[in-house]
Amino acid sequence: MNNPERATRSPVRRWWIAALAVFTIAAAGVAWYSFGPGHHGTANTDAAMATRAQHVMPFDLNRTTHTFTKTADGGIETVVVENASDTADLALIRTHLRTEAQNFRRGNYSDPAKIHGMDMPGVTELEAGAARVKVVYAQTRGGAQITYTSTEPTLISALHAWFDRQASDHSLPGMGG
């Protein structure tokens, strides 16, 4: 009844089962950290994000520069062409930012969320507080900008968090950083 061969395999088998369990738990933890809510992993970077951006922004991200500058009362989003003779992208930038400013005034922040993820920090607060965030579109030399201002610290913090996510993403290859 007592099988000596089975007794010697049992510790090895238990070790492999334990190793597999540890590996599975570690892999699940890494996946949750990288891609779970509030995290920013490689599923939201590089090629996948650049592809999503092409569906939202009509101008060529490889021929433009997109910047986010935080200010004491909000921030300034700017998009400019890299080549002054690029009149096609210049016109697309201006049309796009004008439309986005109109959307943001109404509390519609869905376009950036389509690119950067539906869990973008600050979006919930900005949507709810749209009437208390001043959104101003302006043409600039070589592009356009949107200036966001508020007197409410909560909304300023939301703008800064929203800018941080976008600035991080737009620094990636193919994202106009």
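**Aromatic pairs and the nonpolar core**

A search of the whole structure finds 8 aromatic pairs (rings of Phe, Tyr and Trp, the last by its six-membered ring, with centres within 6.5 Å; planes under 30 degrees apart are stacked, over 60 edge-to-face, the rest tilted). The structure is a predicted model: local features need pLDDT of at least 70, side-chain atom pairs count only at pLDDT 80 or more, and totals for chains, interfaces and linings use all residues. Residues are numbered from 1 along each chain as its sequence is written, and side-chain values use heavy atoms, without hydrogens or water.

F68 and F163 pair edge-to-face, with 5.3 Å between centres and 75 degrees between planes. F68 belongs to strand β1 and F163 to helix α6, so the pair ties together parts 95 residues apart in sequence (helices, H or I, of at least four residues and strands, E, of at least two are DSSP runs numbered from the N terminus). Both F68 and F163 are buried (under 20% relative accessible area; exposed is over 50%, partly exposed in between; 1.4 Å probe, protein chains only).

The F104 and Y148 rings lie 5.9 Å apart at 40 degrees, so this pair is tilted. It ties helix α3 to strand β4, 44 residues apart in sequence. F104 is buried at 2% relative accessibility. Y148 is buried at 0%. Ring pairs link F68, F104, Y109, Y148, W162 and F163 into a cluster.

The largest nonpolar core holds 25 residues (buried Ala, Val, Leu, Ile, Met, Phe, Trp, Tyr and Cys joined through side-chain atoms within 4.5 Å). L126, Y148 and W162 touch the most other members.
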